[in-house]
Amino acid sequence: MDRMAVASRIRNRANTSAFDAACWLMALLFLAVVIPAVDAIARNDAFFAAHGVGVITWFIAVIVTLGLLGLLLFALARGAMELPEPYGDIALSTVTFLLAWFAAGNILARAVFAGLPTLGWIVGAIFAVALALAARQWQAGRALLACATLASIAPVALSAFETGSAPVASLEFDQRADRPSLAWIISDELQYSLVIDAQGKVRPEFPNLARLQRDATTYTHAYAVANYTDFAVPAMMNGISDVSKVADVDRMRASRGFIPGLASEYAIVMQSPIYRFECDDPSCVTAADTREADSESLIDQLRVLLADTAAVAGRTLGPPYAEMFPSLDGKWRDFWAGGDEFGSGASGSTVDAVIARWKRAQESGAPTFTFWHSIRTHAPWSVDREGKDIYPPKLPVVEGAHMVGTDRTGLMRSAELASMERRLYANSAVDFDRQLGRLLDVLDAAGAYDDTLILVTADHGAGITFTGDRRYGDSLVQRWTEVAHVPLLVKQPGQQEPRVVAEPRSNGQIAQTILDAAGAKTAQGLELSPSLAATPPQSPVFSTIAGGKGTPWVYDGAPQPDPWAPADISPPDPDHPFAIGIDPSLLSQPVPAGWIPAQAPLTVLPGQSTQQLIVAQGPEAQCTGAVGLVSADNRIIGSLLWEEKDRADGRWGWAIVPKADEYQTWCTPAG
């Protein structure tokens, strides 16, 4: 073939099939995104447990979505083919080149040139030119798409038929006729020292926990298994006291442990932001059970499922594209919504759902097992003492601020702001206590309270921190005191006298405690830690999680000082609970002499509470001091707490004050 013939062939598009051209585009999309994403998700049982679907259902949803995208690409290719030459060819070839570059560049930047990704993108451009030319000349798109589809199906098929999926433990029950009902309540991120004082007594601010304590055993040295929910909760369900020794963490994270096995004898009530489960036969339970009637519509469930699939797919891309997608660490679902494990969409007020499901379960005549995982006490803490939102969980004002007065990593920016955050944390715990009281009232009214095993604990605690993540602590003392140390109250059926167990225990021992009460033992699938009645074979192990692995910390009697100031648990002025750092006598008084207007632009965030969050940006240069004043109608209504250090976009101040029509801020003059 002479040079003129080659040039003529390059100039003229030989592949004039719009369908085949669309198949080329889809095949490139499969190579760049779909195959890596399917490989990452298909065997991740935790992903499917969080979304309540199975791998086949998920893959069908993905294929249907891709099919719709394929139709769109076909329509675009057909439209391009109908354009006058050479415009249609130029448009179609450009799109093919860009997709080919994206596919080749990602593969090379992520794999071959991982240490120098820029080189991967440069080399990828060369491959892209070759692929774009090939797509113009050969009708090979159908064959390429068929191969790419088969490559996507392979991990799905392996996952669907894999025997190593999340275990479902079978239980053997004794022959008793009067099994007690069971209620296991987990308050997410609820630290021991917030609700229980140094003498082991529930603080008076939590009357319903105190009510339970009068009939229960208080374990004053109970410790969490891990510092992340997606490790701690499944570890408890599987009776694991040392996560660092778990060989297959993904199986554990997707497993409900002993709970499905209870279904043959118990009516199960499960309210959780992580798991869905409501059936009467353990054979109906997999990591994909969807039988529970859920408040989400099917469209909403599919939207979240596909959005989360896109988030995982984005994280499989080569740099710099992966950084454009939400972080997946420590989360289960709803990666785009902000927040932590549960995004910002999960409800903190769930006791109504628990009560409604419990009442339905009662109609079966079987004893009930109630699993209530409340995230009311999970950060961000944003409610007042009545449980009403003060501000939106996702702050839209200060870039990166996850909670009031924090940076993007959740670290506090002044001692006064830490006090504000503690008061919000205490508010969340007060509201959880109120919700717990409603459930106890229902059990009492139905005559079920006395004969029910009731356990209240936390997956782990949280610290108010300045240098380390709230789930790690600033020091080992804080790690053991506020993060690892969790409340554990256990009321046995018929128990009417309080007891105290001061010896260390792990909340990984809860599973065997529940099975002992139910008259059950595991026949296969699980090896549980001993019950709470027994001293564990070693001191409790608390694992800090990073990179999917746990670093064990063994409790050895570390000092555990009470970190709570009385004013942070019970603010002295209930009408102005966030008036921090100022003389209380100033409240409701005119602004005294010596204070000047701060001249700081204010953003007022919406909420249902009578308390209002105000965010101020940048006081005048003549202002000084970490604490300012907020006034309304010429009367002081609270304090304005300034961050100690400027951010890239300036210095920010935070105030929570009673709602008013207009606000003025004040500061003391410099010098």
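Let me begin with the basis of the model. The structure is a predicted model, in which local features need pLDDT of at least 70 and side-chain atom pairs count only at pLDDT 80 or more, while totals for chains, interfaces and linings use all residues. Residues are numbered from 1 along each chain as its sequence is written, and side-chain values use heavy atoms, with hydrogens and water left out.

I turn to the overall fold. The protein chain contains 17 helices and 21 strands; these are DSSP runs, numbered from the N terminus, with helices being H or I of at least four residues and strands being E of at least two. The C-alpha trace spans about 95 × 80 × 45 Å along its principal axes.

How much of the chain is buried? Of the 671 residues, 56% are buried, where buried means under 20% relative accessible area, exposed means over 50%, and partly exposed lies in between, with a 1.4 Å probe and protein chains only. Contacts, meaning heavy atoms within 4.5 Å, also deserve attention. Among those between residues at least 6 apart in sequence, 74% join residues at least 24 apart.

Next, the charges. The chain has 51 positive and 72 negative charges, and their mean positions are 5 Å apart. Lys and Arg count as positive and Asp and Glu as negative, without His and the chain ends; each charge is placed at NZ of Lys, CZ of Arg, CG of Asp or CD of Glu.

How many salt bridges are there? The count comes to 21, a salt bridge being a side-chain nitrogen of Lys or Arg within 4 Å of a carboxyl oxygen of Asp or Glu.

In the pair of R142 and D20, the N to O distance is 3.1 Å. This bridge links distant parts of the chain, with R142 in helix α7 (residues 141-161) and D20 in helix α2 (residues 18-41), 122 residues apart. R142 is partly exposed at a relative accessible area of 37%, whereas D20 is buried at 0%.

R211 pairs with D444, and their closest N and O atoms are 3.9 Å apart. Here too distant parts are linked: R211 belongs to helix α9 (residues 207-213) and D444 to helix α14 (residues 415-445), 233 residues apart. In this case R211 is buried, at 18%, and D444 is partly exposed, at 46%.

R434 and D431 form a salt bridge of 2.5 Å, N to O. Both residues lie in helix α14, three residues apart, about one turn of the helix. R434 is partly exposed at 34% relative accessibility, and D431 is buried at 4%. There is also a network, in which salt bridges that share partners join D174, R176, R179 and E265.

Finally, consider V95, which is found in helix α5 (residues 87-112). V95 is partly exposed, at 39% relative accessibility. The C-alpha atoms of V95 and V246 are separated by 47 Å, with the two residues 151 apart along the chain.
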